[in-house]
Each structure stands twice: as C-alpha cells, then as structure tokens.
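Good morning, colleagues. Please look at the model on the screen while I take you through two of its contact surfaces.

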There are 2 protein chains.
Amino acid sequence: MKTAFRDVKKDIRRRIVQGVWGAGDLLPNEVDLAQEFQCARATVNRAMRELADEGLVERKRKAGTRVLSSPVRQARFHIPIVRKEIEGRGAMYRYALVNREIIDTPDWLRARLGLEQGKQVLHLTCMHYGDSSPYQYEDRWINLAALPQAAEADFDSVGPNEWLIAEVPYSDAEISFSALTAEADVARHLSCAQGDPLFLAERSTWFETRAITYVRLVFHRGYRMTTRY
Amino acid sequence: MKTAFRDVKKDIRRRIVQGVWGAGDLLPNEVDLAQEFQCARATVNRAMRELADEGLVERKRKAGTRVLSSPVRQARFHIPIVRKEIEGRGAMYRYALVNREIIDTPDWLRARLGLEQGKQVLHLTCMHYGDSSPYQYEDRWINLAALPQAAEADFDSVGPNEWLIAEVPYSDAEISFSALTAEADVARHLSCAQGDPLFLAERSTWFETRAITYVRLVFHRGYRMTTRY
DNA sequence: TAGTGGTCTAGACCACCAC
DNA sequence: TGGTGGTCTAGACCACTAT
C-alpha cells in the first residue's frame, strides 16, 4: 500500500487507454474518486494533476476533468552540454576556436533577440570533436551590452557554452530544430560534402528580459536527436 | 499570499541562479526552509519537487537537496496531430493517400521494432497539405500482427495517424529528429528540389511491448520545430 | 451561484541511504 | 542508525467558471 497516488494514476490511465473513459468524457470528481480508491482527495488530486501534466486529461474548475480528445503528445529532449554528450558516448572531447571577432550587431540578430539599440556583439565560431571526428560546428553570438566581460574571456581553451553556463544562468530560452545543407565552409569543418543534409539546432537565451546569446549548432552528418516518452 | 509554493519555488530558483547557492551546494532541509518561508513542509516539498523535476536540483533521502553542477537542460516538444498543426496555423487541411500495400515485414523494420517473426505489415504513404501546399510526407508502417483490423481500414479519407489514435493508444514511443536531403520521389510530393534539406521525424510506438507502428514524417522545406523553456 | 479543482496546513509514518 | 525526503491524511478555504 505504498505510493498510492501512483496506483491511482495507473488505474485511471488504464481506464482511459482501455476506453472505459473515452475521448471527451467527463471523469468523476476528486471526492468521488477518493471514495472509490479509499484514499484522501489530495492523493487523487496529485494523480490527476500529473495526468493533466502529461497531456492525457484536461482539468477545469467547475467543469471537471475530461479525457483529451487528441492527447497532446509531448516529448522531453535533454539539451546536453556538447562535451558531456561526447564523453557520454565514450569518446574523447576536443574543442577548438575557429574564429573570433567583435562587430556591430547585425540587424537580423537584433531582430531575433529583440535588442533595441545596436551595440556590439562577440561572434565566435568553434568546433567540437569526438575522438578527432568533427561532431558539432558552433556559431555563437554574445550580446556584449549584457555581458561585457565576454570580451575579455579566453575562449581558446574553454568553449563559449561552458563559459556561459559558469558565468550567467539564463531564465528563458527558445530552441528550434531544422535541417540545412552544408555550405562550403561548414562542409570543410564537419568533413562532409557540400550539399549534405545536416541537423541544425538554434537557441536564443534571455536572462530576465535581457538577451544573452544566440547560437547555431550544426551537427555532423547523420546526427539524430532521440528520446523516449 | 496565494500559491505559496510558487513563491517559494521562485525564491529558491532566484537564489540558485544568483549564486547564493552555487553548483553542488547543499540546500537547507525542508523543515528549515518551511520555517524560513513560514509555511508548511508540504509546500516547500512541492516547490522543491518541481525544481528537481525541472532538472535544477537533485534530491536524495538523507543526503538532502543539492544544486546540480550542470543543470540538465531539457525542453518539451509538443508532437501535434498534423491536421491540428495545420489548422492551428489557420490553413485548410487536406489529406491524400498516395500508396497502400501489404508486404512481408522488411528486415530493417523488424529490427527497429523488435519484432520476432516476420509477419506482414501495412505500408502506407500519404500527403498532408495546408492550403494546398505540401506540408508533410508520411511513410507509415503498421504491424498487422498487432493490428489486423488495419488491413480493412479505409485510409482514403482518414489519415493513418488519426485512425491509429482512435483505434489504439500507445504506451511507449521513441522519437528521433534528423535531417535528410530530398530524393526524387519525396521532392516531387513536397514540391521542392532534389537535394533540398528536409526535417525528418521518426516515431516508433509500442503498446505494452507489442510494436504498433513506425512512421517517417518528412516535413516541407523550411520547417522548424520550436519551443520555449 | 454552486460545483469543481487548486492549494495550504499540521501531523504522521515510512523508505532510503550516507555517515 | 539517524536524518532527509516521499507520501498520505483529514480538513479547510479559496479561485475559477460553467450554468
């Protein structure tokens, strides 16, 4: 008789997937369910709350709890530090700075990060290797207005990602996945052919409304981002 | 003084991101925090549990709660029904069945789904359009050993995705994202050029250890999957 | 306005595991 | 083995919103 809320959750989930309660159906309220399961309402509440969190049911005050007609299927992806990702695969991690420049903020970047005035940004390009094979090409832009100390940082030995993690935590981030074909420069760095399809992750981060950084991460050919749910 | 657990959560998060508690540090225990915040231990517990769920801290009995040294960054992606995704963008959804065949299970599919013996599978290819523009090319494989009724289903008007949702819920799924270049056939269906980079989502689903289906979803050129976290 | 979920409380017992 | 988090309870008040 331990972890009662898990049992309640399992049972309710079972009834939903088995069709006892079909799509759109109204479930009994928490008091009734608590009586049925012989537990406290708080226990039912937690079970139901987690089911709602997983996108299986929808809860509204007064309206009650309903089975979602088309369950909002969602998956969680872990966004690993590239070094850890490589080392986690048992490979030797190596980092190299390719280029570094300080320039006026390009318009497209200002638009993307919602910057008001065009100060300067630190633009870095780097490579991450696993066992000497190119793993990821990083195209990093750091807002110097928000992080002036980045201009002094030494990115020869430490990647901007790890530097940023140690320096400034972020509060909000937006991430996108898409596909692109390798242009000459990227192809050379990633040791693939021009025109090869590559997986691209883009991330913008903010700390309390202040834009911190925007990064394009281009993965080696054949990279797959996988998760179970 | 409402939703106290959110306030507690916010405050603890603030202290972590501001460095009051650094990476690896041990946080006060729940009883002490409850006293500090003048609330019940259950309230602190919920706040801390959610922070742990978000990957900011790590909790162990007896050992206490510690700030994770490298926060496990994770993002949630909603896996929408393609019809809803298209309609959600204000476009008209249209579906078309391209091809349908019943064949012996190919070896690569058997390996991928962990099928033991090679029965037959239903292989469907379909197109999904938004306002008459190609949106997604679907390459669907359904395990007939687990779902014999799929052989009789009419996929001329209803997409396999929606049919499956109504027919069998799944319990486990694996999803992968990657990039590929358009081959002649796909390029024709998606109205793009051969060699264009396309975003690919692959999903395998099981229901209580029984493999249900494997699908390759190739999105139109320029598709981006985005989320905030 | 009434019904439902959202949350808090104070107390309790228990499981785990680092010390 | 003792301290810590994990969970349950019974009751209470409140916020939201469908009707």
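This is a predicted model: local features need pLDDT of at least 70, side-chain atom pairs count only at pLDDT 80 or more; totals for chains, interfaces and linings use all residues.

How far is a phosphate oxygen of DNA strand D from an N or O atom in the side chain of B:T65? The distance is 3.4 Å, within the limit for a polar contact (a pair of N or O atoms within 3.5 Å; within protein, one must be able to donate a hydrogen and the other to accept it, and residues adjacent in sequence count only if both atoms are side-chain atoms).

Residues are numbered from 1 along each chain as its sequence is written, chains are lettered from A and ligands numbered from 1 in the order in which they are written, and side-chain values use heavy atoms, without hydrogens and water.

Let us stay with the DNA. A phosphate oxygen of DNA strand D is also 2.7 Å from an N or O atom in the side chain of A:R6. In total, 24 residues surround DNA strand D, each with a heavy atom within 4 Å of it. Sugar and phosphate make up 67% of the atoms of DNA strand D that come within 4 Å of the protein. Helix 3 of chain A gives the largest share of this surface, four residues; helices here are DSSP runs (H or I, at least four residues) and strands likewise (E, at least two), numbered from the N terminus.

I turn now to the two protein chains. Contact, meaning heavy atoms within 4.5 Å, joins 45 residues of chain B to 47 residues of chain A. The buried area, that is, the accessible area (1.4 Å probe) lost by two parts on being put together and summed over both, is about 4500 Å². Carbon and sulfur atoms give 49% of that area. On the chain B side, B:R73, B:R76 and B:Y229 lose the most area to chain A.

Six salt bridges are counted between the chains, each a side-chain nitrogen of Lys or Arg within 4 Å of a carboxyl oxygen of Asp or Glu. In one of them, B:R76 meets A:D53 at 3.2 Å, N to O.

Finally, strand 7 of chain A pairs with strand 10 of chain B in the antiparallel sense over four bridges, where pairing requires at least two DSSP bridges. Within strand 10, B:R228 is the bridge partner of A:E174.
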